[in-house]
Amino acid sequence: MLNYVLARLLTFIPTFIGVTLVSFSFIRALPGDPILVMAGERGISEERYAELAAQYGYDRPILVQYWDYLTGVLHGDLGVSFVTKRPVWDEFFSLFPATLELSICAMVFAVALGLPAVVIAAVNRGKFFDRALMSTALVGYSMPIFWWALLLIIVFSGNLQWTPVSGRIGLQYYFPDPTGFMLIDSLASGQKGAFSSAVRHLILPTIVLGTIPLAVIARQTRSAMLEVLGEDYIRTARAKGLAPARINGIHALRNALIPVVTVIELSVGTLLAGAILTETIFSWPGIGKWMVDSIFRRDYPVVQGGLLLVAVLVMVVNLIVDMLYGLINPKIRKR
Amino acid sequence: MADTTQISSAPTRPSALREFWYYFRENRGAVIGLYVFSALVLIAVFAGLIAPHDPTAQNRAATLLPPAWQEGGNWSYILGTDPLGRDLLSRLLYGSQLTFLVGIMVVLLASAGGIIIGLISGFAPKWVDTIIMRTMDIILSFPALLLALVLVAILGPSLINAMIAIAIAYQPHFVRLTRAAVLAERSKDYVISARVAGAGLPRLMFITVLPNCIAPIIVQAALSFSNAILDVAALGFLGMGAQPPTPEWGTMLAESREFILRAWWVVTFPGLAILITVLAINLMGDGLRDALDPKLKRS
Amino acid sequence: MTNPVMQATALQWHYQVSGGLFGKPRTLKAVGGVDFALYPGQTLAVVGESGCGKSTLARMVTMIEEPTAGTLTLDGKPIDPSQWASLRQSVQIVFQDPYGSLNPRHRIGAILEEPLKINSPDLSSAERTARAREMMGLVGLRPEHYDRYPHMFSGGQRQRIAIARALMLDPKVLVLDEPVSALDLSIQSAILNLLVDLQERLQLAYLFISHDLSVVRHVADEVIVMYLGRAVERGSRDAVFSAPFHPYAKALLSATPQADPEARKERIQLKGELPSPLAIPDGCPFAPRCWKVQDKCRSQRPILPDDAHSAACFFPENGGAPAAES
Amino acid sequence: MTLLRLRNLSVEFATASGRFRAVDGIDQDVDEGEILAIVGESGSGKPVSMLAVMGLLPWTATVTADEITFDGQDLLKMEAAARRRLIGKDLAMIFQEPMSSLNPCFTVGWQIREALRIHLGMGRRERQARAVELFEQVGIPDPVKRLSAFPHQLSGGMNQRVMIAMAIACKPKLLIADEPTTALDVTIQAQILDLLTALRDETGMGLVLITHDMGVVAETAERVSVQYAGQKIEEQPVGPLFRTPHHPYTGALLDALPERATDRHLPTIPGVVPGQFDRPAGCLFSPRCKFADATCKAQVPPALGPELGRARCFHPLNTDERVAS
């Protein structure tokens, strides 16, 4: 297991360097001169140009620039936003809890609904519940989630007026946010109605963001279960006279979870891509909306830094999932 | 050789194609998906003949008309009109052309590149393989939509750039899949036989191994087809894909977003069109997987 | 006696197993020094259990794997990897699994003609087809099989196709890697007969690899018994089967079930299982499982003597000559 | 005494290309404490009848029978839950691939203790003690340590011993072994076969050995049932079967053994076992049989009397009129 962890950590390093290379070359790949782009339509004097070039180090060899960039990244220096003039690093971490809160809620929604449903479906294989679940999952999987969000808004915010359309909490509430998680901070503030407002703001984004992972988990777990149910050791379990519920719930599910963990790994990217759309639609002040806004504002240091941090985030989550994979797979754990 | 020559002929088994069709047909959803998909393809091909109006023609006198069956509707605009008075149905019909174009182009670009890189990776020495796989890891670290957004930001928003960006983001899936299939096939005896017979590397790659790796690639292609449609629509929705007045479904949604509480049809129909198309392709993809994946076959 | 068509001297194949990040890489000796000679029209059988290195030996002989050490000669000329391409025609192989050894996407005709296409590109396609059809007749396939795909055939017929393909290049040596192990008894005999006929007619040298002693007894002229990558006994078929010298060979023979209920015999029960090929004992590799092991066996490695019938054992059975120490 | 009684058992599978009859009207008795071998080549459906008894067939299979009785209990009429209490306890089975037949996610000890808990309701301590005892009984060295191993940490032979320990955990009356040694090396095969025979001698359980290896049959079995294309075509005690087979298929099979060869050329059986698409009308062996005549090709032969090994044949071998060549 230790070897597995270390070997996995070692692959992290080249991937990390590659990701920094991609985000570094992002500015280089922009059509036109980055300083001219920075200056915008106002134009720029030659002295100012040279000054800026020296300031940003654009006059030095490309390798030196990359080295500076890399060491800067490792020290938490991702540059300063053109628009807000705040360090990208600070902006990222002030917005990150909002995305994290939403993503965790969506994942919990997907797993808590998906796994039990699949086990029940596997027991009743081919019967109505199984078919209904799988059809629903396929529809969910095919859903353009930006449209799904609009539909939910029409019904729940427009017609029924149950849920707010945007933001994380009602405008009337104001309290300090030490954790950045609105659910926790609203409870801690002790203000009446704050928590329920936070919850109501969270419901629709959670459903929208959780839909695809839910569909993916349901479909993948079911096909993993079907595959596992055909294995020799399931026949052995049946030959022991075990009840179907025990065979499905313990012998099969335990094995089926091993491939499902890797599915979760692949859906991290999907989740973040979904966050971009969900946050934009619900004006959720998180990383996704920040990135889209920055792309529109041509705030390149933010786009560059955000791109890097999102990629590193995906890598870290994948690393954690891989460790988890090693833990639940005895063939790796006990080698 | 008296007693070795006489062997009764092989039992007649159903042909591979017949068997494929049997398994495909057994999945009722897949057959429905196939019918819907075929209908959509026909619509896309003959959009110019079916569409009642020019998709970009604006009728200032008839903006935000509801669908014909609702009060205030007009049968010349069956599904109603958008805020600029353009016929929704015609725009949807023309939009299907773009949708299929996008799907096909993305799948072609991503799979062609992915298959070749995957084949190389599966046959190359370990260090080349490692470099390729790490590179794919790097691309996979960026969420496809974000990567596409950023690439489009660099290249400028357009449908073509969106397709290229999405194809790049999908490529690693084809690389990984092809490589895994190649590695599984490469250790089989028939490949070693070909080597013993003297087959060189190109022959081994393209004639011996590749045809046996096609099944999972086809399934992945179907998946990528539907995902590409979703992602291009999402880019359009974010304003980074096809630009107005192109009748692209995602772009149409974005244009009419502000009217969602006033005119449900301008939002509902483009989204429904995306959902139905994607659903039909995914249903077919499931059928393909069932029919091509021997692991799930029961005999 | 004629000259050997192929000769192996001290053939070895080692394999580096990484010991993880901190463990030092260990060497797996899949084959640790084997000598043999193949003669036209003769069959050399290599027997042993899984992990004894017999399949690795097959891969070296067919030039799929380069030997780590030792030499392999063909018609008296040493084989060098740079000449593999031109020498491969002379050594062909038939595999155990008739289902995995034929390309499922190619027709039988294409499978048979592929070796010609690669090695004799100047042959016209009509000539190739004629050769393939002739070969199909030779191995007992019918002309209409030419256009069929492998999945339409039974295991026995596929094995005929595999044999036909191996013979398309007129090889001198045919490596048969468990050619009948996957076949049913009623099919096995027909394939064995075919192999016997082909050998007589084409004067082929067979390297017959098998774990099934009753099959080996039927087809072999010479026998090598392998254990953990080493030849522990070598001799003519009759000598090895009637009076095995090495205790392992004796145990193997006694463990092989005989299809005769009346012949109740004493079975030698071997202790334990095969050691890991990464941890081959220092002395005699068989020492941990041997019932007559002595201290000398644990510390010294016995060398297979260079006699017609010999065993790598210090205390051989049935009056064999004791082996020398290494 | 008869432990297991099957009458007119048939099993059909629904496949892509129609229904396939894997077992065709088999009658079979297994007595207490005996070793019965079921032999046949691939495609003869030999494990299917026993899987049907165990209730282990996939859902595509349809089982029909006039009678399936085990130990005086009618398995056909039994409730699923009651049947599960029987299976794994009085009626146990081991399989061909020991590596894949054990659940890779649980330790072998956990898997054995599970059987003890479900069927015997033993306490934690008791289960552990019994598991150790079972490992010693099947000859696994260092049982306490091995109990906490996962299947992938053990060799194939060791895993088969674990399977056997699990099967005999509740002292079954009948143990069905489906090709228990096919995946193992010869020397390990000898160990496992000796272990199974010794366990039978010790516990008096019945043993059904399903195999294709005539050598294993000759050395282990007491009674042999020969199957061909889903039918039982002959049944005799092991000695007479090898000496005087009555069905031409049995005879041809024995002749094809290389160790019985008298010549460089072996006697062969032309053709292959009929499959789903080429089932002959009359005797299933008639297309390959050198004695077959028009009757054989047209009519299904009934089973003969016990003095002729219940052979399903119109022209049995080794009768008084015609002595084997």
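Is B:Ser193 buried or exposed? Hold that thought for a moment, everyone, and thanks for coming. One thing to keep in mind throughout: this is a predicted model.

So, back to our serine. B:Ser193 counts as buried, because its relative accessibility is 5% and the cut-off for buried is under 20%. You will find B:Ser193 in helix H8 of chain B, which covers residues 189–196. Its neighbours are worth a look too: leaving aside residues up to four places away in sequence, B:Ser193 touches C:Phe95, C:Ser101 and C:Arg165.

Let's stay with chain B and see how it meets chain A. Here 42 residues of chain B are in contact with 45 residues of chain A. Together they bury about 4000 Å², and carbon and sulfur atoms give 79% of that area. How many salt bridges cross the interface of chain B and chain A? The rule finds one. A:Arg219 and B:Asp286 meet through their side chains in a salt bridge, at 3.0 Å from N to O.

Both of these chains carry an annotation. In an unreviewed entry, UniProt places the feature "domain: ABC transmembrane type-1" at residues 96–325 of chain A. For chain B, an unreviewed UniProt entry puts the feature "domain: ABC transmembrane type-1" at residues 96–285. If you trace residues 96–325 of chain A in the model, you see 80% helix and 0% strand, with the end C-alpha atoms 26 Å apart. Residues 96–285 of chain B are 81% helix and 0% strand, and there the end C-alpha atoms lie 19 Å apart.

Now for chain A on its own. The contact takes nine residues from domain 1 of chain A and four residues from domain 2 of chain A. The area buried between these two domains is about 670 Å², with 81% coming from carbon and sulfur atoms. As for salt bridges between domain 1 and domain 2 of chain A, the rule finds zero.

Let's move to the nonpolar cores. The largest one has 146 residues, and the members touching the most others are A:Phe146, B:Leu235 and B:Ile274. Domain 1 (20–74) and domain 2 (90–332) of chain A both contribute residues, so this core lies between them. There is also a second, separate core of 75 residues, and among its members are D:Leu4, D:Met54, D:Leu86 and D:Leu174.

Last topic: charges. Side chains of opposite charge can pair when their charged atoms come close. Over all chains, the structure holds 47 salt bridges.

A:Arg168 sits in the loop between helix H7 (145–159) and helix H8 (182–189) of chain A, while A:Glu101 is in helix H5 (residues 88–123) of chain A, so the pair ties together parts that are 67 residues apart in sequence. A:Arg168 is buried, with a relative accessible area of 11%, and A:Glu101 is buried as well, at 3%.

The next example is in chain D. The closest N and O atoms of D:Glu67 and D:Arg5 are 3.0 Å apart, which makes a salt bridge. This pair links distant parts of the chain, with D:Glu67 in strand S5 (residues 67–70) and D:Arg5 in strand S1 (residues 2–15) of chain D, 62 residues apart. D:Glu67 counts as partly exposed at 22% relative accessibility, and D:Arg5 is partly exposed at 31%.

One more pair, also in chain D: D:Arg200 forms a salt bridge with D:Asp201, its closest N and O atoms being 3.0 Å apart. D:Arg200 is buried at 11%, whereas D:Asp201 is exposed at 53%. And chain D has a network as well, in which salt bridges with shared partners join D:Glu12, D:Arg19, D:Arg21, D:Asp24 and D:Arg279.

That's my tour, and I'm happy to take questions.

Notes:
Residues numbered from 1 in each chain as written. Chains lettered and ligands numbered in written order. Predicted model: local features only at pLDDT ≥ 70, side-chain atom pairs only at ≥ 80, totals over all residues. Heavy atoms only, no water. Core = buried A, V, L, I, M, F, W, Y, C linked by side-chain atoms within 4.5 Å. Buried < 20%, exposed > 50% of the residue type's maximum accessible area, 1.4 Å probe, protein only. Domains from an automatic or database assignment. UniProt positions renumbered as here; feature names shortened; annotations may be inferred. Helix = DSSP H or I, 4+ residues; strand = E, 2+ residues; numbered from the N terminus. Salt bridge = Lys/Arg side-chain N within 4 Å of Asp/Glu carboxyl O. Contact = heavy atoms within 4.5 Å. Buried area = accessible area lost by both parts, 1.4 Å probe.
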